[in-house]
Every structure is written in structure tokens, then in C-alpha cells.
Amino acid sequence: MGDRLYEFWQDFRPYLRTKTRDTSEYGFWYMSGLLRMEAKRNMANIGRKTNVDPQNMQHFMSNSPWPGPNLTIAVQHKVADRAELQEAMLMVDESADEKAGQWSAGAGRQHNGRLGKVEMSQVGVFLSLATPTVNTWIDGELFLPEAWFEAEGAARRAKAEIPPERSFQTKPELAWQMIQRVQANGVPFQAVAMDTLYGRSRKLRAQLDEAKLEYYADVPADTRVYLRPPRLVYPKTKRGKRSKRPQIATKSYEVRSLLYNSHLRWQQITLRPNERGVLTAEFTRLPVWTIYNQTIRREWLLIRVDEERMTYTLSNATPDTPLTTMAWRKSHRYFIERSNQDAKSELGWDEFQAIKYRAWEHQLALTILASWFITETQLDWALRCQYDPQLLTQYEVDVLPVLSVANMRELLRAAMPLPQLSPIEAALLVIEHLDNRIRSRKSRLDHGPSP
């Protein structure tokens, strides 16, 4: 595993060089720290654990001008080369992380799904590629709240070094930007799946449809649709001219009101193995019509019911797409939640601490790289090491588990054990912490409170 990691790194190290310096070795040790360490994966601690001066590591992550997006694109090109991923699903989701203050790039009081409430948080929009056996982040964008682009946000933009070309973009706009990017880079996917925050964007659904990309967009239960093509009428104004804004002369329905429609035909579909055996759910669908920018569009309304919840999904799948195929593709959204959880619990994403926008881009690129190392290794081992069919009989099961991210990290830690501190080194580290705290407090007292 150790040799494999270093060989893997050689393909990507050119993307971490600048015009004047080659500090790409810091990138290798940072990525290996994300993969091997179990906690406190901040810049300084990763530097200490990998024998890199903490200040050098912080400079490499926060200030060095190597372009993080270029490294992410390089990973996407590698992803595009894997035959096993040709039928993968592309999933859109966001992930929020609580922040202590307002100065970290993009920080603001916004909804944090992990906490279930509005808190000071930093939110990223992410794309994950998944099959039933592997899932991996492949792109991401930092969401910058609108307040960051108002006059009062100028000081925060300057401190976080937000690029001048950045402007306010909604989360669906960021998602569309990334979907176009991965498609241009050859990343293969059968369809795009997204939750209600993105699914209720009629604009995003229309953009995907115009690009001939199949989508499965969850929508809120009060979303209104039409059961036949709606009729648009242009009433006359008081001056006798036709209004430019049409009125809709067709009854609309909330999707939840269609649950007991007499035309629905329900089917129980097995989706995938899970810890309790197999996951099954009831599915049905019916054609509906929606309107965006005075354009009438036909979509499928796909309804899923299981023991825990009921979801409504709009899709532009072709009329001849089997219900089983639609159910399978829609239900892949589970895997981006798995990707987000792996990024946080296994790769330290939620332990990231920095103020600058560039540091966030660097952290994202190296997290995606670490995630791709795990995924590529899983794919290669699946080709080289076939399961013994007798294991199914031995365990009396119908499917065998795949190696998890945690399994892979355990093997890597055994191959590349982290150095253990001697008593003297531990004492010196404590002294360094105390010294830094004293200097930090003195600096605050000398300069007064932050603006």
C-alpha cells in the first residue's frame, strides 16, 4: 500500500508545482496525513505527524499559488479512463461545516443539515460519482452567501482573498457549472440525481434537459404539476393589447395530492443489499407537465414509498425507460451521503481549519485526490482478486461486502505507520502550543479587537 500510494502520487505531483518552486512533496505528505491520521487533521498537525515543518505546510496550503482546480481536473481525467465507471451516477449535494467565526471564506449564518439548524457554517456544493460498489467526490465549489458580495462584506472578502472574478451564485448555479465541467472533462455518467434544494430549481432541470442529460430531481411535496399539457392564454390589457405574461387556464395539482390517483400502478422493487438483507421500496410513476419561462415540458413524476419516508421525484427519462431502471437510478442518492460521510469521518474534511479561499480549494483538491486513491485501489483489487464463490455458501449469503474506506485506511496505516512522539518531543510540542497561545493573546492585546 505504501509503494502504491507513492506511485499513484507521481501522476499528480506536477500539478502542485509553481513557476518558481517545487513543493509538491508537501502535497504527498498532506494527502498521506488525510489518509492515515485518525483525528486532528489540521495543517499544523499533519505537518508534525509527517515530519514537515508546520509553518511550511500552512504556507503550502494557504498561500502557495499552485492551482487546486487543475489537480481536480487531472483526477477527473483519470476517472474518465476507468471502464468500470462508464455506467456510474452523478450526484449533487451540499455539505455544511460549523465554523467558530465569520472570517473563514464563505462563513455565515446558514442552514447546516448536519446540525439541523441555522448556524455559523461554511457550505460546499459537491459532485460525487457512484456505482453500487464505489463512490468518490470528483468536484466541489465553495458557496459564498450573497452578504459576502455586499459593501459590508468587503473586509471579509479581502481577508479571505476571494478571487475578484467570483460573484454571487446560487447553489443550483454552482451545481450546473460543475456538471458542465465534468462532462467537458469526459467523466462518464448515466444520469444526474439531486435532492429537493436542487430539484425544485426549474431552471436547473431545464438546463439539464436542453443538454440531453437525464436527471432524477427530488422535489417538495407541495410542488405543483399538471396532468395534461397546460393551456397558456394571453388576456387583453385595458388598452386592448395582448399581455406579455400568459395566464395558465389548466388546473394544477400538488404532487402529494396525486398519491392516490386511480391511474397509479405500484410495483415493489429491490434496490440493493443492505445490513438487514435487501432494500426494497414501492414505486409508481405518471406523466406530468411543468412550465419554465413559458415553455411547457413533459416530465415523469416518480413516487417512492418505503418504511421510513415518501419521496417525489421529477425526471426527464425517456417514455420507454423501465420503471425498475428509474427506481434504481433515483435511489443512488444514498451514495453521495456516503461520500460526504467518508470525506468527513475518514478523510478529515470537517477538521479543516483555514480562512483563505485558496486553502479551501487546496483542501478540496487533496481530499478528492485521497478519495480517488481509495477508489482506484478498490477497482484495481476487484479486478485482480476475485471472490471465491464458495464464500457465498460458507456464509449463507447472496452478496459479499466490498472493502470500505475505513478498511483501506487501516491497511495503509499498517504499511506506513505514523511516527510516535518520544516523551521529549511531546514536552517540546506542549511548550510550542503554550508559546503560540501567549504570542496570540499578546498580539490581540497589542492590536485591539478585530473589526
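**Strand pairing, helices and salt bridges in the predicted model**

Strand 2 (residues 108-112) and strand 3 run antiparallel and are joined by five bridges; pairing here takes at least two DSSP bridges between two strands. Helices (H or I, at least four residues) and strands (E, at least two) are DSSP runs, numbered from the N terminus. This is a predicted model, with local features needing pLDDT of at least 70 and side-chain atom pairs counted only at pLDDT 80 or more, while totals for chains, interfaces and linings use all residues. Residues are numbered from 1 along each chain as its sequence is written, and side-chain values use heavy atoms, with hydrogens and water left out.

Back to the hairpin. Arg109 has Met120 of strand 3 as its bridge partner. Four residues sit between strand 2 and strand 3 in this hairpin, and Gly116 in the turn has a positive phi of about 75 degrees.

Strand 3 turns up again in the packing of helix 5. The buried residues of helix 5 pack against strand 3 (117-130), strand 4 (135-142), helix 7 (171-184) and helix 12 (357-384). Buried means under 20% relative accessible area, exposed over 50%, and partly exposed in between (1.4 Å probe, protein chains only). Among the buried residues of helix 5 are Leu71, Ala74, Val75 and Val79. Helix 5 (residues 68-80) has 13 residues and reaches 19 Å between its first and last C-alpha, close to the 18 Å expected at 1.5 Å a residue; the expected span is 1.5 Å times one less than the number of residues.

Helix 11 (residues 334-346) has 13 residues and should span 18 Å, and its end C-alpha atoms are 17 Å apart, which agrees. Its buried residues include Phe335, Ile336 and Ala343, but also Asp342, Lys344 and Glu346. After helix 11 comes Gly348, with a positive phi near 75 degrees.

Now for the charged pairs. Side chains of opposite charge can pair when their charged atoms come close. With a salt bridge taken as a side-chain nitrogen of Lys or Arg within 4 Å of a carboxyl oxygen of Asp or Glu, the count comes to 27 salt bridges. Glu141 takes part in two of the contacts described here: one with Arg166 at 3.8 Å, N to O, and one with Arg181 at 3.0 Å, N to O. Arg181 lies in helix 7 and Glu141 in strand 4, so this pair ties together parts that are 40 residues apart in sequence. Glu141 counts as buried because its relative accessibility is 10%, and Arg166 is buried too. Arg181, at 23%, counts as partly exposed.

Glu25 belongs to helix 2 (residues 24-36) and Arg13 to the loop between helix 1 (2-10) and helix 2, 12 residues apart. Arg13 is buried, with a relative accessible area of 14%, whereas Glu25 is partly exposed at 27%. A network of salt bridges links Arg4, Arg82, Glu84, Glu376 and Asp380.

Asn45 lies in helix 3 (residues 43-49) and counts as buried, at 14% relative accessibility. Leaving aside residues up to four places away in sequence, Asn45 touches Met37, Ala39 and Lys40, where contact means heavy atoms within 4.5 Å. Tyr395, by contrast, counts as exposed at 55% relative accessibility and lies in helix 13 (residues 390-395).
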